[in-house]
Structure formats: C-alpha cells, structure tokens
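Thanks for coming, everyone. I have one structure to walk you through today. Please bring it up on your screens.

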Amino acid sequence: MWCFKPERIYPEAAFHLPYNWGKMATSLTRTFGSLRIVARRGLKNAELALNIQHPGPLFLPVRTKKRHFIPPAVGMKGKKEENPEAKARAAGIVFRQQYLERPINIACSAGVFDPYIPPEGDARLSTLSKEGLRQRTEQIRQSAASQLAIRKVKEYDSQFSTKTFAEQAQEIFIEAHNALTQFNKEKLHSLVTERCYPEMTRGNRYKTIRWRFVESLEPPRVVHARCPDMVTKGNLYGQVTVRMHSKQTLAIYDRFGRLMLGSEEQPKDVLEYLVIERHLVNPYSRWRLHGKIVPSWAPPKDPVIKTVAIPGPELKPWEEFDALNYEVPKPAAVQWNK
C-alpha cells in the first residue's frame, strides 16, 4: 500500500502578495474616480449641446377630505330640486340668516308729505254754503302752513320766489317729458327724483311715445309748499306744489307701430298739480319733478285701444285672399280696461 504524506502548507507562503499592493489599489481608485468625473461632465455638456429636457414631475390630485355639501350642478332647472338648506343642516353646516332689507335713498323723500287737496272742480264755492265754508277754512289752514315752509326754503335757497318758481317748474316738466320720449336716461335722472323715475318709465320699454306741449292756458302758480324732515331732525326737503293748466298732445304706439292711446293731431286740455322737490341740506341739489297729485273728482282716463287679430278664411295653397272677395267682419264693441 502506498501512502502519501501531505506536506504542510503555510498561508503566508501560499498567498504571498507583493509589498506594494496597497499603494497600487489607492492609485487605481483615484484613477477611476477622475475618469468618472470626466465622463459625467462630458454627459452634461452633451445634454446642453443637444438641448435635452428631462420630463418634469407628474402631480396627481388626490382628494383627502370628503365634501359633505356639494352645490347643485348647472342645468338642473326643471328637475326635482332638493332643499339645500335642509341638506346643509343635515351635514352640520349652518346657513346665515338672510334679512330682506330695502335700500334707502336720502337724495329724495319716499312720498308726498301732507299732499295738497285741490278744491272740487278747481273752482271756489260760495262761502254761504256749508261745503264752501269748509273749503275756505281748509285753504286758510294750508296757506298758513305754506308760508312757514316757504320761509324755511328761502333760508337754504336765497333765490327762491313763488312768482318765478312756477315758470321754472313748468320748464322742468316739459324737459322731463321730452327726455322721456327720447329715452334719454341720463337727462331724465337729472330732472326727476328717484321716486318719480320708475313711475314715468314703467311699461314703456317696447312702446313709442309722442308728446308735445302746445300752449299754456293759464299761467302756472304755486298753491302749496311743505318743508318736512326725514331720518334725522334737520335733514330737510322742500316740496312745492304747482298748478299747471295747459294744452298737450299725447300718442302711444305699441312695438308693432299700432296706436294704443291718444292722438298726435288732437290736443287736449290738461289740468295737473305737480310736486317739485329738492334736498335743501345738500348745496349741490336741484329742484326735480317728484310726482303728481290726482284729485278724486278728476275724470277717468281714456281706455287703451288694444289690437286684436280677426281670423280669416282658411286658404288652400292655390287660392289667394283677394280673389275670394272676403268681407272682414267688424268686431263687437268691448270696453277694455287697463
């Protein structure tokens, strides 16, 4: 039997390294590091030369909170709508209480204070009768209060005079109605108050108005004056009532050009009591038309002529209306009311 005796191998002899191996590893690491830096700089220069843009980051919106109250979508008109207030109350949201408040305008008053009561028939009755004595007593009472109001108006408007103011009021009335026929809103606002403006323009959007002042039958005169205060004491407004008797023409056409009221050729006698107002405390205010006083004994207004369509015969495609000699029946008289 053959037997081999293994020799003893020492690790120092089997894996013997040169003495300068550590220095060589350090130099190789430095070399590769410098090469890596040079390569990175080259890549950056190449990207700048080619104008390569890297895509930016992508952001996706993510809802993280549940919405308890969602407003109604657009186009839900006509569909069944839920009560948003009850839905919000169930979600724990408190609706703010809404107050229905009307705006107040201090440039003019809200109405006519102590309106003038014209005598019936605009004539003075005999003082021997009971009605005539009552009428005379009312005139004396109103004239005494008017004199006190005129004195207070003259304290703020030194140029105020009852003799010249009546003609000035008539000019304001004529200019205001001319601006109304021309639909000049800017000029109309400077001639009438904020209370009188909607009363003059209401319902006239699609109509044509033809108005003309012919002549004055009697010279206008001041018959009533008041100087009330509003909101606070000392905030004074001057209201002067002017009697005006004139001859005017008025014609109103609808949007189709059909005559609705009045006539452009036939003038009528008109007796009016105009109320002119001014905010006396404001130095830049002016006298403007505030309203009219319509007495209870005034005659009723003329009815509005309404246009109606009268049905004609049913024509066939090959027939003409002129060839049938069709007589249009006259409509029955009907009393129209406004």
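Let me start with a question: is Glu199 buried, partly exposed or exposed? Glu199 is partly exposed, because its relative accessible area is 44%, and the buried class needs under 20% while the exposed class needs over 50%. Glu199 also has a partner. It forms a salt bridge with Arg195, with the closest N and O atoms 3.9 Å apart. Arg195 is partly exposed too, at 25% relative accessible area.

Now step back. Keep in mind that this is a predicted model. The protein has 338 residues, and 25% of them count as buried. There are seven helices and four strands. Read from the N terminus, the order is α-α-α-α-α-α-α-β-β-β-β. Take the contacts between residues at least 6 apart in sequence: 65% of them join residues at least 24 apart.

Next, the inside. In soluble globular proteins, nonpolar side chains tend to be buried together. Here, the largest nonpolar core has 32 residues. Phe165, Leu188, Val192, Trp287 and Leu289 have the most contacts inside it. Several elements each supply at least two residues of this core: α4, α5, α6, α7, β1, β2 and β3. Which helix gives the most? That is α5, with eight residues.

Look at Leu188 for a moment. Leaving out residues up to four places away in sequence, Leu188 touches Ala176, Ala179, Leu180, Tyr197, Met200 and Thr201.

Helix α5 has 20 residues and reaches 29 Å from its first C-alpha to its last. That is close to the 28 Å expected at 1.5 Å a residue. Its buried residues include Phe165, Ala169, Ile172, Phe173 and Leu180. Gln170, His177 and Thr181 are buried there as well. What covers them? The cover for the buried residues of α5 includes α6, α7, β1, β2, β3 and β4. Just after α5, Phe183 takes a positive phi of about 55°.

Back to charges. The whole structure holds eight salt bridges. Take Asp114 and Arg226, whose closest N and O atoms are 2.8 Å apart. This pair links distant parts of the chain, 112 residues apart. Asp114 sits in the loop between α3 and α4, and Arg226 in strand β1. Are the two partners buried or exposed? Asp114 is partly exposed, at 36%. Arg226 is buried, at 10%.

Another pair is Asp157 with Arg278, with the closest N and O atoms 3.1 Å apart. This pair also links distant parts of the chain. Asp157 is in the loop between α4 and α5, Arg278 is in strand β3, and 121 residues separate them. Asp157 counts as buried because its relative accessibility is 13%, under the 20% cut-off. Arg278 counts as buried as well, at 12%.

Last stop, the surface. Ile104, Ile106 and Val231 make a nonpolar patch of about 330 Å². Where does Val231 lie? Val231 is in the loop between β1 and β2. Its relative accessible area is 63%, so Val231 is exposed.

Key: Residues numbered from 1 in each chain as written. Predicted model: local features only at pLDDT ≥ 70, side-chain atom pairs only at ≥ 80, totals over all residues. Heavy atoms only, no water. Core = buried A, V, L, I, M, F, W, Y, C linked by side-chain atoms within 4.5 Å. Buried < 20%, exposed > 50% of the residue type's maximum accessible area, 1.4 Å probe, protein only. Contact = heavy atoms within 4.5 Å. Patch = residues over 30% accessible without salt bridge, like charges linked within 9 Å, V, L, I, M, F, W, Y side chains within 5 Å. Areas by Shrake-Rupley, 256 points an atom, 1.4 Å probe, with all protein chains shown as cover. Salt bridge = Lys/Arg side-chain N within 4 Å of Asp/Glu carboxyl O. Expected span 1.5 Å × (residues − 1).
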